[in-house]
Amino acid sequence: MYWTGENPNSIEIIIKGVYQLGEEEQVRLKVSGDGSLEYFVDTMKAALVAFGFAPQTVEKIKITEGGDEE
């Protein structure tokens, strides 16, 4: 079946911690969107905030054009 809705793509990010007794899931984030590069970056930013990174730190993540590397 083909999805014909407004947001045909979804991403699920699961962050796990490794402890002495084994792995334990810390955060599970699933979002739907249009599949654009901005969608993927925004999803990763949301996962980082959910895991405890400061929003000010996460906002430093930007999309740049090739050749802009220092």
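Colleague: Is Lys45 buried or exposed?

Modeller: Lys45 is buried, at a relative accessible area of 14%. Buried means under 20% relative accessible area, exposed over 50%, and partly exposed in between, with a 1.4 Å probe and protein chains only.

Colleague: What kind of model are we looking at, and how is the numbering done?

Modeller: It's a predicted model, where local features need pLDDT of at least 70 and side-chain atom pairs count only at pLDDT 80 or more, while totals for chains, interfaces and linings use all residues. Residues are numbered from 1 along each chain as its sequence is written, and side-chain values use heavy atoms, with hydrogens and water left out.

Colleague: Where does Lys45 sit, and what does Lys45 touch?

Modeller: Lys45 is in helix H1. Leaving out residues up to four places away in sequence, Lys45 touches Val58, Glu59 and Ile61. A contact is heavy atoms within 4.5 Å. Helices are DSSP runs of H or I with at least four residues, strands are E runs of at least two, and both are numbered from the N terminus.

Colleague: Tell me about Ile61, then. Where is Ile61?

Modeller: Ile61 lies in the segment after helix H2, which covers 55-58. Ile61 is partly exposed, with a relative accessible area of 33%. The C-alpha atoms of Ile61 and Lys45 are 7.8 Å apart, although 16 residues separate the two along the chain. Again not counting residues up to four places away in sequence, Ile61 touches Val41 and Leu48 as well as Lys45.

Colleague: Back to H1. Which residues in H1 are buried?

Modeller: Tyr39, Val41, Thr43, Lys45, Ala47 and Leu48. The cover over the buried residues of H1 includes S1, S2 and H2.

Colleague: Why does Thr43 count as buried?

Modeller: Because its relative accessibility is 4%. Thr43 touches Ile11, Ile13, Leu29 and Val31, with residues up to four places away in sequence left out.

Colleague: How does the length of H1 check out?

Modeller: H1 runs over residues 37-50. The expected span is 1.5 Å times one less than the number of residues. For the 14 residues of H1 that should be 20 Å, and the end C-alpha atoms are 20 Å apart, so the two agree. After H1 comes Gly52, with a positive phi near 115°.

Colleague: Switching to the strands: how many bridges join S1 to S2?

Modeller: Eleven, with strand S1 (residues 9-19) antiparallel to strand S2 (residues 22-33). Strands pair if DSSP finds at least two bridges between them. S1 and S2 form a hairpin with two residues between them, and Ile11 stands opposite Val31 in S2.

Colleague: Which residues make up the largest nonpolar core?

Modeller: Seven residues: Ile11, Ile13, Ile15, Val27, Leu29, Tyr39 and Ala47. A nonpolar core here is a set of buried Ala, Val, Leu, Ile, Met, Phe, Trp, Tyr and Cys residues joined through side-chain atoms within 4.5 Å.

Colleague: What does Ile15 touch?

Modeller: Among its contacts, not counting residues up to four places away in sequence, are Val27, Ala47 and Phe51.

Colleague: And the whole chain?

Modeller: There are two helices and two strands, in the order β-β-α-α from the N terminus. Buried residues make up 20% of the 70 residues.
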